[in-house]
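Colleague: Can you take me through this model? I'd like the overall picture, then the details.

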Amino acid sequence: MNLPELFAERAGDYRAGMHHCTEAELPAVLAGLLAGASRVVLPAGIAEPWLTGLTVATLPDGTPPLTAADLDEAGLSVLTGCAVAIAETGTIVLDAGPGQGRRLLTLVPDHHVCVVRDAQIVADVPDMIAALPDPTRPLTMISGPSATSDIELNRVEGVHGPRRLDIVCVHP
């Protein structure tokens, strides 16, 4: 199994929605995933071509930055890229670089859509550290939508983060 296939399998095990497309198909896939949102939060540096198919209003994170209260709007989604993704664990890694935004942007809105390119997928955590553009930046590692289980092992999603995580894997 190649790295993109392993990543998709493992991320799917964590109940992340997995979507696959080419670069040309990406705007339409994103538009479909975000069509039901009230608005879409966009971090600084998001790729403009990703937005061409969106029909929903966007909310840029600017100056001053959006607050936690702003980001807690019902139906709000956030669209980001990532720094790297780990195949072995099905984890996306954000380092607050361009198109990824601040940690708060990915932890408060109810729906997170993240774009991952095949070239960003590495085998394991040591490879992830080596692949980071700047290993001194703070990292947010996400493996599926937010979830917790009580003592009876009843799973509840969205208690401390997005209830839905959709990952769009872009293949060459």
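Modeller: We can start with the whole chain, go on to the sheet, and finish with the cysteines and a loop.

Modeller: This is a predicted model, where local features need pLDDT of at least 70 and side-chain atom pairs count only at pLDDT 80 or more, while totals for chains, interfaces and linings use all residues. Residues are numbered from 1 along each chain as its sequence is written, and side-chain values use heavy atoms, with hydrogens and water left out.

Colleague: How many helices and strands are in the protein chain?

Modeller: The protein chain has 5 helices and 12 strands. Helices (H or I, at least four residues) and strands (E, at least two) are DSSP runs, numbered from the N terminus.

Colleague: What share of the contacts comes from residues 24 or more positions apart?

Modeller: Such residues account for 72% of the contacts with a separation of 6 or more. Contact means heavy atoms within 4.5 Å.

Colleague: On to the sheet. What is the order of the 6 strands?

Modeller: The order is β1-β12-β7-β4-β2-β3, an open sheet with parallel pairing. β1 (17-22) and β3 (58-60) stand at the edges with a single partner strand each, so one side of each has no neighbour in the sheet. The twist averages 25° from one strand to the next. Two strands pair if DSSP finds at least two bridges between them.

Colleague: What does helix α1 touch?

Modeller: Helix α1 (residues 3-13) packs on the sheet and touches β1, β7 and β12 (164-171). Its direction makes about 150° with that of β1. Axes are lines fitted to C-alpha atoms, for helices over the stretch in contact, and angles run from 0 to 180 degrees between N-to-C directions.

Colleague: Is β4 enclosed or open to the outside?

Modeller: β4 is largely enclosed by the rest of the structure, because 5 of its 5 residues are buried. L76, V78 and T80 point one way from the strand, and S77 and L79 the other way.

Colleague: Which strands does β4 pair with?

Modeller: β4 pairs in the parallel sense with β2 (residues 39-42) over 3 bridges, and 4 bridges join β4 to β7 (residues 111-117), also in parallel.

Colleague: What about β6, which way do its neighbours run?

Modeller: β5 (residues 84-86) runs antiparallel to β6, with 3 bridges, and β9 (residues 140-142) is likewise antiparallel to β6, with 3 bridges. Within β6 (residues 91-94), T91 and V93 point one way and I92 and L94 the other, and all are buried. I92 is the bridge partner of A85 and stands opposite I142 in β9.

Colleague: How many residues lie between β5 and β6 in the hairpin?

Modeller: There are 4 residues between β5 and β6, and G90 in the turn has a positive phi of about 65°.

Colleague: Change of topic: how many disulfides are there?

Modeller: The count comes to 0 disulfides, a disulfide being a pair of cysteine sulfur atoms within 2.5 Å. The sulfur of C114 is 4.5 Å from the closest cysteine sulfur, in C82, too far for a bond.

Colleague: Are those two cysteines buried or exposed?

Modeller: C82 is buried, with a relative accessible area of 8%, and C114 is buried too, at 0%.

Colleague: Last one: where does D72 lie?

Modeller: D72 lies in the loop between α3 (68-71) and β4 (76-80), and D72 is exposed, with a relative accessible area of 57%. D72 and P109 are 37 residues apart in sequence and 5.7 Å apart in space, C-alpha to C-alpha.

Notes. Buried means under 20% relative accessible area, exposed over 50%, partly exposed in between (1.4 Å probe, protein chains only).
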